[in-house]
Amino acid sequence: MTKERAYFEVQALKKHGSLCPEHVPEVYHFDREMSLIGMRYLEPPHIILRKGLIAGVKYPKLAEHMGEYMAQTLFKTSLLYNTTTEHKRAVAEFCGNVELCRLTEQVVFSDPYHEAQYNRWTAPHLDSEAQEVKEDNILKLEVAELKLKFIERAQALIHGDLHTGSVMVTSDSTQVIDPEFGFYGPMGFDIGAFLGNLLLAFFSQDGHSDQKDDRKAYKEWILSTTESTWNFFQTKFTALWDENKDGAGEAYLPTIYNNPELRQLTQNKYLLDLLHDSLGFGAAKMIRRIVGVAHVEDFESIKDIDKRADCERQALRFARKLLKESRTFNTIEEVVKAAKEFNI
């Protein structure tokens with residue numbers, strides 16, 4: 001990865017921080033030549049969210065905070081809010097982050113689906129499942145469509161790597177860090193990354209259960225948080241749209257779409273399409289974390305290899321279904337119900 005990624009990380013932090021300062025740490029200084037970033041220290045008890053999920057800690061404000069962050073940053077860097085001129089200028093700036101985008105294209109949308117040098121999985125337990133991924137033609141068709149969306153669609157300034165390791169939390173604070181993969185891409189890639197990683201955490205919980213805590217209540221909390229995150233996001237995103245219906249955004253001109261009935265129809269279709277995108281991208285992120293190059297601590301920290309493989313197998317089978325059938329789900333509640341059915 002080139003050192004220029006620091007420049008794009010800072011640009012994304014500053015832009016997202018201006019739109020949602022409550023959930024993005026402030027940048028104080030940047031030296032481009034030295035790739036040096038001076039920014040807010042997230043003091044204890046802030047920890048990486050993924051570590052909290054492994055430990056079974058509940059964060060009561062997480063869903064609301066992440067819904068707010070995604071709604072503010074995605075809506076206000078899109079053509080729903082900005083003019084075409086502003087949007088294209090910003091897109092051009094972030095096109096320079098091409099090397100990190102190419103890395104994502106490789107490890108998320110390509111490597112898991114063929115024999116790639118750095119692919120790995122819990123072997124021999126998942127050998128057959130990994131092979132099935134490579135032989136599933138419908139899965140390959142769906143992931144190819146997602147790859148093209150990722151490459152071609154400059155919908156909003158996305159974080160680009162919004163997993164549970166890119167969020168630091170306390171019981172009442174949520175801070176999004178590390179947007180070095182930031183560029184103008186599909187909104188669903190950010191939303192899907194976060195929801196997909198919550199689902200990975202859900203499927204890992206049986207591997208962290210013990211006699212003191214069977215993790216059943218915590219699994220319910222994770223699924224409730226998954227639901228609430230999307231629902232908070234959808235509510236806030238729609239509210240921002242309504243508040244800015246007469247604004248500068250050129251995607252849906254007020255002279256055409258200010259009729260309340262038409263605006264609601266437009267919003268409903270936009271958000272359903274966005275949900276489908278998010279589910280597809282989220283599923284692709286789940287698959288790459290099980291049979292690709294970079295895995296997640298949620299599973300890797302399970303010492304019993306048989307338990308770990310069982311958890312991963314459930315998650316992988318669910319992710320394959322979600323990727324191939326994303327457009328059959330009309331609500332996040334349907335997704336959560338399906339996840340429960342795979343957790344046996």
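This is a predicted model: local features need pLDDT of at least 70, side-chain atom pairs count only at pLDDT 80 or more; totals for chains, interfaces and linings use all residues.
Leaving out residues up to four places away in sequence, H295 is in contact with R120, W121, R289, I290, E300 and E312.

Is H295 buried or exposed? Its relative accessibility is 13%, and buried means under 20%, so H295 counts as buried. H295 and R120 are 175 residues apart along the chain, yet their C-alpha atoms are separated by 8.7 Å.

Next, select F299. Setting aside neighbours within four places in sequence, F299 has contacts with L200, F203, S204, I290, R308, C311, E312 and A315.

Keep F299 highlighted and bring in F109, L162, F233, F237, I287 and F318. Together with F299, these residues touch the most other members of the largest nonpolar core, which has 93 residues. In soluble globular proteins, nonpolar side chains tend to be buried together.

Switch to a cartoon view and look for a sheet. In what order do the 3 strands of this open sheet come? The order is β3-β5-β6, with antiparallel pairing. At the edges are β3 (47–48) and β6 (174–176), each of which pairs on one side only.

Zoom in on β5, residues 167–169, which is joined to β6 by 3 bridges. Select M168 and then find its bridge partner, Q175, in β6. Then colour helix α3, residues 62–75: α3 lies across β5 and β6 and runs at about 35° to β6.

Now select residues 11–197. UniProt, in an unreviewed entry, lists this span as "domain: Aminoglycoside phosphotransferase". The span is 48% helix and 12% strand, and its end C-alpha atoms lie 25 Å apart.

Finally, zoom out to the whole protein chain. Its secondary structure comes to 14 helices and 7 strands, and its C-alpha atoms fill a box of roughly 60 × 50 × 40 Å along the principal axes. Of the 344 residues, 54% count as buried. Among contacts with a separation of 6 or more, 80% join residues 24 or more positions apart.

How does the radius of gyration fit with a compact globule, and what is its value? A compact globule with 344 residues would have a radius of gyration near 20 Å, and the protein chain has 20 Å, so the two agree.

Definitions and conventions: Residues are numbered from 1 along each chain as its sequence is written. Side-chain values use heavy atoms; hydrogens and water are left out. UniProt positions are given in the numbering used here, feature names are shortened, and annotations may be inferred rather than shown by experiment. Helices (H or I, at least four residues) and strands (E, at least two) are DSSP runs, numbered from the N terminus. A nonpolar core is a set of buried Ala, Val, Leu, Ile, Met, Phe, Trp, Tyr and Cys residues joined through side-chain atoms within 4.5 Å. Buried means under 20% relative accessible area, exposed over 50%, partly exposed in between (1.4 Å probe, protein chains only). Contact means heavy atoms within 4.5 Å. Two strands pair if DSSP finds at least two bridges between them. Axes are lines fitted to C-alpha atoms, for helices over the stretch in contact, and angles run from 0 to 180 degrees between N-to-C directions. The radius of gyration is taken over C-alpha atoms; the globule rule is 2.2 Å times the number of residues to the power 0.38.
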